[in-house]
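Student: I would like to learn how to read helix packing in a model. Where do we start?

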Amino acid sequence: MQTLAQWHDGGGPGPWILLFPLIWATVIAGGVILLRRTVRRGRRGPRQHQRHAPAAASAHGPDTALGMLDRRFAQGEIDEDEYWRRASVLNESVRERHGESKDGAA
């Protein structure tokens with residue numbers, strides 16, 4: 001404290017030295033927040049908003065019809081034409097369930 005008291009005449013660091021721990025705490029907290037947001041965004045995929053993630057997960061989850069269709073196509077049980085035919089029927093039924101018309105209007 002003696003150095004802080006004589007900072008102007010004695011050439012000490014002065015009271016500004018007390019700000020350096022606050023600056024470092026801010027930098028570290030910013031880094032932690034940035035990393036957490038990046039990791040969380042990586043799980044959802046790029047450019048997906050959090051409010052849309054549950055809807056996308058429920059539409060293509062492993063236990064849904066689209067999820068089972070994706071799995072069957074990936075395993076080679078069905079060919080590409082059948083996959084697209086069934087996927088269009090399932091997507092159309094999902095749109096009808098949510099009250100959308102075929103032209104995309106609500």
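Tutor: Start with the axes: they are lines fitted to C-alpha atoms, for helices over the stretch in contact, and angles run from 0 to 180 degrees between N-to-C directions. The model here is predicted. In it, the axes of α5 (residues 65-75) and α6 (residues 80-97) come within 10 Å and cross at roughly 175°.

Student: What is the orientation of α5 and α6 to each other?

Tutor: Angles over 145 degrees count as roughly antiparallel, and α5 and α6 are therefore roughly antiparallel to each other.

Student: Which residues make the contact?

Tutor: From α5 come Ala65, Leu66, Leu69, Asp70, Arg72 and Phe73; from α6 come Glu80, Tyr83, Arg86, Ala87, Leu90 and Asn91. By class, seven are nonpolar, one is polar and four are charged. As for the spacing, an α-helix has 3.6 residues a turn, so residues three or four places apart point the same way.

Student: How does the span of α6 compare with what its residues should give?

Tutor: At 1.5 Å a residue, its 18 residues should span 26 Å, and the end C-alpha atoms of α6 are 26 Å apart, which agrees. After α6 comes Gly99, with a positive phi near 80°.

Student: How many helices and strands does the protein have?

Tutor: The protein has six helices and zero strands.

Student: What share of the residues is buried?

Tutor: Of the 106 residues in the protein, 11% are buried. The accessible surface is about 9,100 Å², and carbon and sulfur atoms hold 59% of that.

Key. Residues numbered from 1 in each chain as written. Predicted model: local features only at pLDDT ≥ 70, side-chain atom pairs only at ≥ 80, totals over all residues. Heavy atoms only, no water. Helix = DSSP H or I, 4+ residues; strand = E, 2+ residues; numbered from the N terminus. Parallel < 35°, antiparallel > 145°, perpendicular 65-115°, else oblique. Contact = heavy atoms within 4.5 Å. Nonpolar A, V, L, I, M, F, W, Y, C, P; charged D, E, K, R; others polar. Buried < 20%, exposed > 50% of the residue type's maximum accessible area, 1.4 Å probe, protein only. Areas by Shrake-Rupley, 256 points an atom, 1.4 Å probe, with all protein chains shown as cover. Expected span 1.5 Å × (residues − 1).
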